[in-house]
Amino acid sequence: MSFESDLLAILPRLRRFAASLSRDRADGDDLCQAAVEKALRARDQWQAGTRLDNWMYRIMRNLWIDEGRSRQRAARTFAPEEAGEHVGHAGDRDVEAHMMLGDVDRAMNALPDEQREAIALVLVEGLSYKEAADVLGIPMGTLTSRLVRGRGALLELLGEAA
């Protein structure tokens, strides 16, 4: 397979991680696009035989950190996306499933960045602890600590939502 087709294959996972980092799908898509553009320009730096997804997660995280350092986010003054989520849905099960997903999304967004990143990589993307620690550039013990605190916070937040 070529670099481009490998990159295309992991695009859904990259978009999901970007949305988790940015806490907003549109910003996540912008972040994902910037990461893919950077990867395409720096493709000669990727070593064949290594995990492309881990390399991309690292690029994306570094871009997000750089963006956060370079500008302050303006307060959002429009109605939140959740306000229109359930318009047009038929059936209690569909609405209930969307509400539960919304609860999880809000709980993830309430976590500190360090915990959210760790949970997104390990629990959502399925990376091993070692892989996630490498992506984040932290020791495995630090990752484990962030996961424990993040899981606990999620359970507490979701317990309150139930």
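**Note on helix packing and aromatic pairs**

1. Phenylalanine 17 counts as buried, because its relative accessibility is 0%. Buried means under 20% relative accessible area, exposed over 50%, and partly exposed in between (1.4 Å probe, protein chains only). The model is predicted: local features need pLDDT of at least 70, side-chain atom pairs count only at pLDDT 80 or more, and totals for chains, interfaces and linings use all residues. Residues are numbered from 1 along each chain as its sequence is written, and side-chain values use heavy atoms, with hydrogens and water left out.

2. What is the partner ring of phenylalanine 17? The partner is tyrosine 57: the ring centres are 5.0 Å apart and the planes lie at 70°, so the pair is edge-to-face. Rings of Phe, Tyr and Trp (its six-membered ring) pair if their centres lie within 6.5 Å; planes under 30 degrees apart count as stacked, over 60 as edge-to-face and the rest as tilted. Phenylalanine 17 sits in helix α2 and tyrosine 57 in helix α4, so the pair ties together parts 40 residues apart in sequence. Helices are DSSP runs (H or I, at least four residues), numbered from the N terminus. Tyrosine 57 is buried too, with a relative accessible area of 0%.

3. The count of aromatic pairs comes to three. Phenylalanine 3 and tryptophan 46 form a tilted one, 5.6 Å centre to centre with 55° between the planes. Phenylalanine 3 belongs to helix α1 (residues 3-9) and tryptophan 46 to the loop between α3 and α4 (52-70), so this pair ties together parts 43 residues apart in sequence. Both phenylalanine 3 and tryptophan 46 are buried. Ring pairs link Phe3, Trp46 and Trp55 into a cluster.

4. Now the helix packing. Helix α2 (residues 11-22) packs on helix α3 (residues 25-41) at an angle of about 125°, with the axes 7 Å apart. That makes α2 oblique to α3. Axes are lines fitted to C-alpha atoms, for helices over the stretch in contact, and angles run from 0 to 180 degrees between N-to-C directions. Angles under 35 degrees count as roughly parallel, over 145 as roughly antiparallel, 65 to 115 as roughly perpendicular and the rest as oblique.

5. Which residues of α2 meet α3? Among them are Leu11, Leu14 and Ala18. On the α3 side, the residues include Asp29, Leu31 and Val36. Contact means heavy atoms within 4.5 Å.

6. Last, helix α6 (residues 113-124). Its buried residues include Arg116, Glu117 and Ile119. Just after α6, glycine 126 takes a positive phi of about 80°.

Notes:
Helices (H or I, at least four residues) and strands (E, at least two) are DSSP runs, numbered from the N terminus.
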